[in-house]
Amino acid sequence: MEKDARPSWDNPMQFVLACVSYAVGLGNVWRFPYLCQMHGGGGFMIPYIIMLVLEGIPLFYMELAIGQKMRLGSIGAWSAISPYLGGVGLASVVTSLYLCLYYNVINAWSFWYLFHSFQSVLPWAECPVNSNLTGYLEECEVATPTQYFFYRETLNISSSINENGPVHMGQALCLLLAWLIVYLFIVRGVKSTGKVVYFTATFPYVVLLIYLVRGFTLHGALNGVKYMFTPKLEQLANPQTWINAATQIFFSLGLGFGSLIAFASYNQHNNNFEKQAIVVSFINSGTSIFASIVTFSIYGFKATFNYESCLERVRVLLLNTFDLSEDAVSINNITEWITQLNQTYPDQIAGLGAKLESCDLEAELDTAVEGTGLAFIVYSEAIKNMPVSQFWSVLYFIMLLLLGMGSMLGNVTAIITPLSDFKILSRNLSNETINGLVCLFCLLLGFGFTTRSGNYWFTMFNEYGATFSLLFIVLIEIIAVIFVYGLKRFEKDIEDMLGHRPNWYWKIMWVAISPLLLVSLFIFYIVNYIQGGTPTYQAWDKDLGKSVVTEYPAFGQAFIGLLLVSSVSCVPLTALYVFCRRKQRGSSTHESTVPTLSSGV
Amino acid sequence: MLAKILFLLCLTHTSAQDLCKSDTDDGYKVRLSIKTALGDDAYTWNDSEQFLFKATLAFAMMQYMPEETFNLSNILICDETERVSFWFVVMSPQNQSQLIPKAEVENAVRKSRNRINSAFLLTDKTLEFVGIPPTFAAPVVYTTPPWLIVFGVVIGAVCAGIVAILISTFIQKSRKTKEKENDLVSDEETMRSVGNGMAGLGDKDGVYNQSFVDDDRFTKL
């Protein structure tokens, strides 16, 4: 009789919603639209769906199967498959730890923006005035108000990773709040997480739907949607398109962190995870496409707004230079006027020089942004131009928070579940204490990201902390399951849980296609890293008002190496450790087995 | 005699007009964008509007220099264009041929900018004095920034939630341990009859290595 039965989800729906909430995250909103735009619009769907079928769903299914069968977190599950492979689980935990550290900083920013939306004029709508009230602050003049608000007021960013500064109090408070909320959601483990995911998984869709309607009714939105979705099929010939599709599917589903194994470990033994795996993967991809429609309509609105502002500025410039009457030049006949004036007053037109901007709608649409720049700069710029902008701002940042929090639930569960599997810890400390200590630890380390150079460290973690290690981990995972554990034994376990064996599609994917894809992605990453030369980052130059590509200094590069090595090396080091322990024990176990057998009789 | 007076009057008039010209050192260019500001309600720029402008400017000069009395004739306007832009200069009331220096005119305009704007239903952007930067409204200084208030509310609610959950967990646990104590007393009596077999395995926390379970030995019935 078990004293503490393993906690479980109240019903299978909670598990599905937890997986959806975890997989559907910020990457669906800010990475997929960028890729879609860069790689041929609507045509990108083809490699995306193909990679989903070849790589995403089989690997997702495999992780769920392992978790549900072993009923342990990542460390315990992989140790059970083979004691030498406990390092895979440990590597997952280390990678999840890195992710937890920096991911919640994004939630802290979302909170900051959310709280600042409760003002009559959004603070990123206008530049602040300088000290003698004659003009705007210089840094804000050179950049845009939204960029100024993000880089100066939100981050107070320094000009390079070398220069550090004190902790930004507002950011620190928001980070504290973010971790308190995460703790509130996971304090009772699966029991509390299961209730929260009903909200975090579904409400973002409500907001996306509202934004879809709002987006389509904005002036110029259809320009964006049409432009972005027009397929440029020649991009399919570019290998980079396929590589990006594969990596996007891989990271978007959150494979390799151990979160899926952790979630599945709380399932009932006979839960039908095959259907659930397919459903969650398709929901995740569908959300990406849905979010990109919304993003493109917002892009279209913003591009049209900027284009028309540009035309208006040119119109006023012509009026002022040539003292023409106000209704002579309208937005429609600007080009005719310019050609006409060029013939009659060529010197004056030449004298205007750079002030006479050439306004191009396509150039505005072509500006492709991804990541935090898209979420916090481009989107807030579009929002400030909407009517009732405070409401839209609040709604948008609540959606970002829900997406981010939902993913954090999975990330933290990936750390907590293996920890609570360790009997030493769970016997002496209650679950709530373990969870609290993990959150506290991550919070204290996370304060490092709120310093003045914190954003540069954030970018480093974002690019190097979890990308390469995950590919390595999942590659080892699939090799371990198919070749170490054995495909036959795996099939039998699945039959035991589901009632039928996996069909030929799954088997072909696991044995051949997915490992092949992973190996090629892995090789591509290594080649890219070597070819890329010194790793660089974007440093904010406050005099120029834009980001400048800068090389990482020596300690930065060393830290990148440390990030990569620390998670990857867990696998061989643990295998070595277990090997040594077994050798040590090998001689002593022979003596101890005899007495235990006799006491059992 | 009459001719002489007429001639002198013409001379002073033309010499006064000479003072006002484009790119003059002591004057400013004004630009109005009436149609942009008012759209359909725009008024046309005519002599009476010009009169109003001279009057408001005289008012501004008098506000700035209360000891002097400015008249409409002290404000000269020239070089009007279709844009509705023109140059103006301000003559000193004492000496008709001397102009008020640029800096003083600028200060006067800046001091009464709001009044000048509202006389024409325009704003700093649509009634431009080229070369005089508009004075921005002083930034609003809050005693408590509004974001901190919202933050305080949210973090208070979250802390309350955490405390509530921890307390309820604690209460549940203390109830469970009380029940277990009552159960253990009745269990101990039944345990003695079962024997040693269960006790030996129950205490040892061996690792149950599921990968080496060979289910094939058990036939499915």
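This is a predicted model: local features need pLDDT of at least 70, side-chain atom pairs count only at pLDDT 80 or more; totals for chains, interfaces and linings use all residues.
How many bridges join strand β1 (residues 28-32) of chain B to β4(B), and do the two run parallel or antiparallel? Residues are numbered from 1 along each chain as its sequence is written, chains are lettered from A in the order in which they are written, and side-chain values use heavy atoms, without hydrogens and water.

**View 1. Pairing of β1 and β4 in chain B.** The two strands run antiparallel and are joined by 4 bridges; strands are DSSP runs (E, at least two residues) and pair if DSSP finds at least two bridges between them. B:Arg31 has B:Glu128 of β4(B) as its bridge partner.

**View 2. The open sheet of chain B.** Its 4 strands follow the order β2-β3-β1-β4, with antiparallel pairing. β2 (75-78) and β4 (127-130) of chain B are the edge strands, each pairing on one side only.

**View 3. Interface of chain A and chain B.** Contact (heavy atoms within 4.5 Å) involves 39 residues of chain A and 42 residues of chain B. The rule finds 2 salt bridges across this interface, a salt bridge being a side-chain nitrogen of Lys or Arg within 4 Å of a carboxyl oxygen of Asp or Glu. A:Asp323 and B:Lys29 meet through their side chains in a salt bridge (3.6 Å, N to O). Helix α9 (169-186) of chain A (helices are DSSP runs, H or I, of at least four residues) gives the largest share of the side of chain A that touches chain B, 9 residues.
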